[in-house]
Amino acid sequence: MAKGVKPRVKVPKKAAVGDAITIKTLISHKMESGQRKDGDGNVIPRSIINRFTCDFNGQNVIDVTLEPAISTNPYFEFEAQFPEAGEYKFTWYDDDGDVYEEAKQVAVG
Amino acid sequence: MKFKALTAAAALLAVSGTAFAGGPDDDTLVLNGEIEMVTKTAAPEHMENIDEIISGWHFRTDETQALQMDDFENQGMIFVDQAMEVWNTAEGSEGKSCADCHGDPADSMAGVAASYPKFDADAGEMQTVQMQVNDCREENMGAEPWKYDSGTAVNMDALIASHSRGMPVNVAIDGDAAPYWEKGKEIYYTRYGILELSCASCHEQNYGNYIRADHLSQGQINGFPTYRLKNAKLNGSHSRFKGCIRDTRAETFSAGSDEFIALELYVKSRGNGLSIEGPSVRN
């Protein structure tokens, strides 16, 4: 597992049905591009988050492919329509096979 | 308030054309919609050449400014989180963590960053936050000291600073601190390097003007440690001093040296009255 990876998500605790809510996500990750070399001239192997998804009650909201040029600690902010009370589930996929998950409940209010 | 900063963008473009390009803007810094920060105020009495002191935040673009207004978007807070883990981890021969003695840093560290560097009568020297932390590590924890301005040390510095945000900088410059302050002042006004530039050449006589494509600020350090977009990590004030002196093409002092400790005290005292912002976001 890559070191120091910690997902963070900011979602409102409640929202009105039909509203577009703003979702912010940030995962700390070094996003090693695979282009750099270490002091001895050896290539530092690529190690990035290559995919990010958000699902709401099992239905996909956003599915992102990340490429090596994306900077360290990738941050995503997007709007999602809020149809009913439920759970937003966030998943990040690491090159090394690790999967980081986070979930947030949003109530009608 | 964030709304204001964003909508002010269009207005700003118009204003900055007529005002001097690269100068400070008139936005208001409110942290997380709660803490209103003092980012412009009357200069402390000891300053001879400047009437109003201005945080470096005002010299940045609206996008960079917005990053600092919300802890979630401020990537410096990632490193504060990492420091929090270190805070709670026992280390050294005594098997103690920071938390064992100091508890929750939100209580025990409030106001610390605002009053440091501070003269320590027991040690008989001027101490920065990082020196104090290392003293504690060696004497109370039996742990190895951290290298000055290294990643872990500067992260801890930021954790401590984050609990003073919104409090006014108030470092003592009289009494035992006076000789250090005088030394710092002398360094501030000394021209270094092949380019023969002093701190004052840029940050006192030319703040608000461009240095190549970048804006010169007043060089205030109330926002340190600073998360810089250019290197995606936290940067200590001594590293910043070093970078500046290097840019004058001089041999620099090193982070943690007596010269930089004195300079930190002097520069910090030039910000007496501004709110602590660390970890701030700059480019």
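I began at Pro279(B), which sits in the loop between α12 and β11 (280-282) of chain B. For these labels, helices are DSSP runs of H or I with at least four residues, strands are runs of E with at least two, and both are numbered from the N terminus. The bond I wanted was the one joining Gly278(B) and Pro279(B), and it is cis, with omega about 0 degrees.

Note on the source: this is a predicted model, in which local features need pLDDT of at least 70 and side-chain atom pairs count only at pLDDT 80 or more, while totals for chains, interfaces and linings use all residues. Residues are numbered from 1 along each chain as its sequence is written, chains are lettered from A and ligands numbered from 1 in the order in which they are written, and side-chain values use heavy atoms, with hydrogens and water left out.

I then looked up Pro117(B), in the loop between α6 (112-115) and β5 (118-120) of chain B. The peptide bond from Tyr116(B) to Pro117(B) is cis, with omega near 0 degrees.

Next, backbone angles. Asn32(B) is not a glycine, yet its phi is positive, near 55 degrees. I found Asn32(B) in the loop between β1 (30-31) and β2 (35-36) of chain B. Its relative accessibility is 32%, so I noted Asn32(B) as partly exposed (buried is under 20% relative accessible area, exposed over 50%, partly exposed in between, with a 1.4 Å probe and protein chains only).

Arg249(B) also has a positive phi, near 65 degrees. Arg249(B) lies in the loop between α11 (237-247) and α12 of chain B, and at 56% relative accessibility it counts as exposed.

Last, helix packing. I looked at α9 (residues 178-188) and α12 (residues 258-269) of chain B, whose axes come within 7 Å and cross at roughly 90 degrees. Axes are lines fitted to C-alpha atoms, for helices over the stretch in contact, and angles run from 0 to 180 degrees between N-to-C directions. α9(B) is therefore roughly perpendicular to α12(B) (65 to 115 degrees; under 35 is roughly parallel, over 145 roughly antiparallel, the rest oblique).

The contact includes Val133(B) of α7(B) and Ile160(B) of α8(B).

Note on methods. Contact = heavy atoms within 4.5 Å.
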